[in-house]
Number of protein chains: 2
Amino acid sequence: MRPSNAPRRRMFRPMALVAAMVAAGTLFASTEDGPKRPTDFQHEYLANAMLVSKEPNSTGLITGTHLIYVNGVGLSRFKRGGSTAYPDGTVLVDDIRNFSIVDGTYQQADRKFLTVMVKDSKKYASTGGWGFQAWVGGDPTKPIVTDSTKQCFGCHAPKQTNDYTYSTYLH
Amino acid sequence: MRPSNAPRRRMFRPMALVAAMVAAGTLFASTEDGPKRPTDFQHEYLANAMLVSKEPNSTGLITGTHLIYVNGVGLSRFKRGGSTAYPDGTVLVDDIRNFSIVDGTYQQADRKFLTVMVKDSKKYASTGGWGFQAWVGGDPTKPIVTDSTKQCFGCHAPKQTNDYTYSTYLH
């Protein structure tokens with residue numbers, strides 16, 4: 001549990017099973033019929049920026065600079081907040097980067113993972129209407145999600161009141 | 001001096017004289033005929049994200065989450081890099097935010113300052129073609145730059161080979 005005075009967590013949850021998958025040799029194995037790797041997300045709205053400096057930590061997130069974008073389809077819902085569902089076609093991307101540290105200044109570096117949530121309420125009905133995928137280094141040939149229910153949705157399910165997302169709007 | 005093995009600094013320099021100006025009672029005094037407070041910058045391209053966790057530090061930047069955007073006019077030059085000048089109309093914004101810390105995770109919070117560089121090679125010829133301004137909390141009624149040569153350009157002048165800017169392109 002996080003302390004009661006902690007700020008709202010505004011993030012995607014990590015790919016908790018990455019290490020286990022590497023060990024099991026299942027990386028880049030056949031993946032689900034899930035989202036494709038987005039290309040223009042850096043031209044979308046930056047919904048949230050955070051830096052995770054160590055693992056493990058109370059958020060469960062992997063270490064890195066997390067830059068979370070929401071596309072135009074989901075933007076008005078993102079800004080409005082509340083419990084209504086995001087419209088189909090919403091895309092949320094977490095651009096997770098390594099960082100360098102110089103005297104207390106953390107600077108973003110190369111890409112570590114790219115993760116995505118795509119809303120399709122029918123296709124992905126079993127996982128809250130969200131399709132999940134993640135790519136090592138953002139490489140479209142290196143997807144790592146083979147079971148989004150276990151690898152992704154488990155951590156998003158508690159956020160049903162925000163349509164299974166963590167990010168909230170900051171002006 | 002920064003150590004020779006430090007990564008390139010990719011940032012705007014801070015408003016070094018803010019504290020002195022507050023002490024002198026000159027805050028929000030008559031400012032230069034400089035850039036206006038931008039409004040849609042969060043829909044532009046995120047050029048750089050970094051977190052400055054303490055002051056003082058070797059970068060000279062103020063503490064906060066720094067989110068630096070480049071508008072469409074300057075984007076191709078930003079991506080190309082090199083020593084050529086940015087085109088007139090380029091806008092660079094540093095959205096500087098406070099942050100909260102939960103178990104090593106730094107989450108962006110409310111806005112601390114909004115700083116801007118606007119390229120107009122004639123109007124701002126004396127400061128490398130760049131007009132500078134900054135607003136406390138992003139409030140358009142609270143500009144703080146009254147002498148951009150002293151408050152801003154002094155720290156940008158050494159970067160003449162990158163048209164007086166620090167940010168460089170990361171894919």
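**Two chains, no disulfides**

Trainee: How many disulfides does a search of the whole structure find?
Mentor: Zero, over all chains. Keep in mind that this is a predicted model.

Trainee: What is a disulfide, again?
Mentor: It is a covalent bond between the sulfur atoms of two cysteines.

Trainee: Take B:C152. How far is its sulfur from the closest cysteine sulfur?
Mentor: The distance is 8.7 Å, and the closest sulfur is in B:C155. That is too far for a bond. The cut-off for a disulfide is 2.5 Å between the sulfur atoms.

Trainee: And which cysteine sulfur is closest to that of B:C155?
Mentor: The one in B:C152, at 8.7 Å, so again too far for a bond.

Trainee: Is B:C152 buried or exposed?
Mentor: Buried, with a relative accessible area of 9%. B:C155 is partly exposed, at 25%.

Trainee: New topic. What helices and strands does chain A have?
Mentor: Chain A has three helices and five strands. Along the sequence they follow the pattern α-β-β-α-β-β-β-α.

Trainee: How much of chain A is buried?
Mentor: Of its 171 residues, 54% are buried. The accessible surface of chain A is about 7500 Å². Carbon and sulfur atoms account for 54% of that surface.

Trainee: What about contacts in chain A between residues at least 24 apart?
Mentor: Take the contacts between residues at least 6 apart in sequence. Of these, 59% join residues at least 24 apart.

Trainee: Give me one residue to look at. Where is A:D95 found?
Mentor: A:D95 sits in strand 3 of chain A, which covers residues 91–102. A:D95 counts as buried, because its relative accessibility is 0%.

Trainee: What does the side chain of A:D95 make a polar contact with?
Mentor: With the side chain of A:R97, at 3.2 Å.

Trainee: Which residues does A:D95 contact, leaving aside neighbours within four places in sequence?
Mentor: The list includes A:F41, A:Q42, A:T65 and A:H66. Also among them are A:R111, A:F113 and A:L114.

Trainee: Over to chain B. Where is B:L114?
Mentor: B:L114 lies in strand 4 of chain B, residues 105–119. With 0% relative accessibility, B:L114 counts as buried too.

Trainee: What does B:L114 touch, not counting residues up to four places away?
Mentor: Its contacts include B:V93, B:D94 and B:D95. B:Q133, B:A134 and B:W135 are also among them.

Trainee: And how far is B:L114 from B:G82?
Mentor: Their C-alpha atoms are separated by 26 Å. Along the chain, the two residues are 32 residues apart.

Trainee: Now the pair. How is chain A laid on chain B?
Mentor: By a turn of 180° and a shift of 0.0 Å along the axis, with an RMSD of 0.0 Å. The two copies are therefore related as by a two-fold rotation axis. The same surface serves both copies, since 100% of the contact residues of chain A recur in chain B.

Trainee: How many residues does the contact take from each chain?
Mentor: It takes 39 residues from chain A and 39 residues from chain B.

Trainee: What area is buried between chain A and chain B?
Mentor: About 3200 Å², with carbon and sulfur atoms giving 51% of it. On the chain A side, look at A:D103, A:Q107 and A:Q108. They supply 17% of the area that chain A buries against chain B, more than any other three residues.

Note on methods:
Residues numbered from 1 in each chain as written. Chains lettered and ligands numbered in written order. Predicted model: local features only at pLDDT ≥ 70, side-chain atom pairs only at ≥ 80, totals over all residues. Heavy atoms only, no water. Least-squares fit on C-alpha atoms with pLDDT ≥ 70 in both. Contact = heavy atoms within 4.5 Å. Buried < 20%, exposed > 50% of the residue type's maximum accessible area, 1.4 Å probe, protein only. Helix = DSSP H or I, 4+ residues; strand = E, 2+ residues; numbered from the N terminus. Areas by Shrake-Rupley, 256 points an atom, 1.4 Å probe, with all protein chains shown as cover. Polar contact = N/O pair within 3.5 Å; in protein donor to acceptor, adjacent residues only side chain to side chain. Buried area = accessible area lost by both parts, 1.4 Å probe.
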